[in-house]
Amino acid sequence: MKTYPYAIFDMDGTLLDSMKVWKNLGRNYLELIGIRPPEDLEEHLATMSMLEGAEYFHRELGVKATPQEIIRGLNRQIEDAYRETLPLKKGVREYLSYLQEQGVKMGVLTATPSYMAKLAFDRLNIGKYFEFVMDCEEAGGGKTEPGCYMEATRRLGGKPWETTVYEDADFALVTAKKAGFYTVGIFDETMADRRAYLQELCDRYVDSYVQLQGSIYACLKFLVV
């Protein structure tokens, strides 16, 4: 796999093994405040940023709290997981270290509030690899539109065709691919039923970063020989 000079990483399901904390978050929140969640709630929320989801709760589901109040309520349910327990996905640290050694400039673009990402990154000591950690709200929109990726690569100093985007979610990979980025899909259990589709739409799809490292080491061995 070619190493591009810039890289944008998603966080949940891509760098962190964290999707399990999000699985029933919205449903649990609604039930706690006495609102019956719609059967297709997760389908609606899947492609939304946190702000978009909160606006949906307020506008469509009758939650009286403001979107910002909803976000604060959701955050309180999961902050401790980022601060204390969520692990890196296998091979992440080694792969980030390799990219840094190659001079790749890296940033994080996440739908999760950036302060929570920083809680996890400080604990795991990986913040040093990134030029910035930015959430979709800070970037100007969710990952169904290319604007957030354009803002991220602008901050890195690159162009889409010079930048690799690492994501686990199909809709995000579709957006990045259409915008001209090189796309690497990272397997996550929550996307297991879409594996075949993901393999077709990405430039590269892997079960873990160990596979990417394997490609790197094979190339280095070839060059030495």
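Predicted model: local features only at pLDDT ≥ 70, side-chain atom pairs only at ≥ 80, totals over all residues.

Residues are numbered from 1 along each chain as its sequence is written, and side-chain values use heavy atoms, leaving out hydrogens and water.

Now colour by burial: 50% of the 225 residues of the protein chain count as buried, meaning under 20% relative accessible area with a 1.4 Å probe, protein chains only.

Next, switch to the C-alpha trace, which spans about 65 × 35 × 30 Å along its principal axes.

Go to cartoon view, and you have 12 helices and 6 strands (DSSP runs: H or I of at least four residues for helices, E of at least two for strands).

Now select residues 67-84, helix α5, and residues 114-124, helix α7. The two pack at an angle of about 20°, with their axes 7 Å apart. That makes α5 roughly parallel to α7 (angles under 35 degrees count as such). Show side chains for the contact (heavy atoms within 4.5 Å): on α5, pick residues including Asn 75, Ile 78 and Tyr 82; on α7, Tyr 115, Met 116 and Leu 119 are among them. The residues of this contact divide into 7 nonpolar, 1 polar and 4 charged; Ala, Val, Leu, Ile, Met, Phe, Trp, Tyr, Cys and Pro count as nonpolar, Asp, Glu, Lys and Arg as charged, and the others, Gly among them, as polar.

Conventions:
Axes fitted to C-alpha atoms, helices over the stretch in contact; angles between N-to-C directions. Parallel < 35°, antiparallel > 145°, perpendicular 65-115°, else oblique.
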